[in-house]
Amino acid sequence: MAKDVAYLVDPDSSPVAIKIVGRASFMNVAPLKAFLKGSIGSGVVKFVVDFSECDGMDSTVLGILAGTALQLRRKKPAGSIVLCRLDARNLSSIKSLGLHRIATLDQGQQCMNLGAVQESLDGSKLDELENARMCLEAHENLVEADEGNRSKFQNVIDLSLIHISEPTRPLYIS
């Protein structure tokens, strides 16, 4: 059985602190995406994400982080997102998709005191159409971050587009 995930935040810290606990995936990342979007909309431009208790993440989560990093880089003055306390597997995933070029990686274990990161993000699950839109956006972000990701994720992008344009069409082959 998949372990539940928790996205813990301290929205009042500077930078805004986020801690991922458990396995982050397209099935549970909507509250984090909404939090990041809302924070940026209210003027936050600096984030730190602690992965010390993150058991892994899929490409949709990485695409949401990439989109956040790209959006922050376009701000004047530019904002930033620091990814810290990464284990070898998460670091490898981040580097293989080029996120190390658009986000700051703090490979030390002292990134900041995250003791106040205790507020848990809650949110409802997305319906299939909303989820397809989120997956599409996330994977397009990965391609924008590194054109080399296009060949890795073109099928995901194509399937998401099909599902968005034809929501009743099954996305599997029987």
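This is a predicted model: local features need pLDDT of at least 70, side-chain atom pairs count only at pLDDT 80 or more; totals for chains, interfaces and linings use all residues.
## Helices α4 and α5

Helix α4 spans residues 128-145. Helix α5 spans residues 150-165. Their axes lie 9 Å apart, and the packing angle is about 150°. Angles over 145 degrees count as roughly antiparallel, so α4 and α5 are roughly antiparallel to each other. The crossing of α4 past α5 is left-handed.

On the α4 side, the contact uses Glu 128, Leu 129, Ala 132, Arg 133, Cys 135, Leu 136, His 139, Glu 140, Leu 142 and Val 143. On the α5 side, the contact uses Arg 150, Phe 153, Val 156, Ile 157, Ser 160, Leu 161, His 163 and Ile 164. Sorted by class, this contact holds eleven nonpolar, three polar and four charged residues.

## Helices α1 and α2

Helix α1 covers residues 30-41, and helix α2 covers residues 59-74. Their axes cross at roughly 10° and come within 10 Å. The cut-off for roughly parallel is under 35 degrees, so α1 and α2 are roughly parallel to each other.

From α1, the contact takes Lys 33, Leu 36 and Ile 40. From α2, the contact takes Ile 64, Thr 68, Gln 71 and Leu 72. The contact of α1 with α2 has four nonpolar residues, two polar and one charged.

## Cysteines

A search of the whole structure turns up zero disulfides. Cys 54 has 3% relative accessibility and counts as buried. Cys 135 is at 11% and also counts as buried, because the limit for buried is under 20%. Cys 135 is one of the α4 residues in the contact with α5.

## Cis peptide bonds

The peptide bond from Ser 14 to Pro 15 is cis, with omega near 0°. Pro 15 sits in the loop between β1 (6-10) and β2 (16-24).

Lys 76 and Pro 77 are also joined by a cis peptide bond. Here omega is about -5°. Pro 77 belongs to the loop between α2 and β4 (80-84).

## Positive phi at Arg 85

Which residue has a positive phi although it is not a glycine? Arg 85 does, with phi of about 55°. Arg 85 lies in the loop between β4 and α3 (88-96).

Is Arg 85 buried or exposed? The relative accessible area of Arg 85 is 17%, so Arg 85 is buried.

Definitions and conventions: Residues are numbered from 1 along each chain as its sequence is written. Side-chain values use heavy atoms; hydrogens and water are left out. Axes are lines fitted to C-alpha atoms, for helices over the stretch in contact, and angles run from 0 to 180 degrees between N-to-C directions. Helices (H or I, at least four residues) and strands (E, at least two) are DSSP runs, numbered from the N terminus. Angles under 35 degrees count as roughly parallel, over 145 as roughly antiparallel, 65 to 115 as roughly perpendicular and the rest as oblique. A crossing is left-handed if the near helix is turned anticlockwise from the far one by less than a right angle, and right-handed if clockwise. Contact means heavy atoms within 4.5 Å. Ala, Val, Leu, Ile, Met, Phe, Trp, Tyr, Cys and Pro count as nonpolar, Asp, Glu, Lys and Arg as charged, and the others, Gly among them, as polar. A disulfide is a pair of cysteine sulfur atoms within 2.5 Å. Buried means under 20% relative accessible area, exposed over 50%, partly exposed in between (1.4 Å probe, protein chains only).
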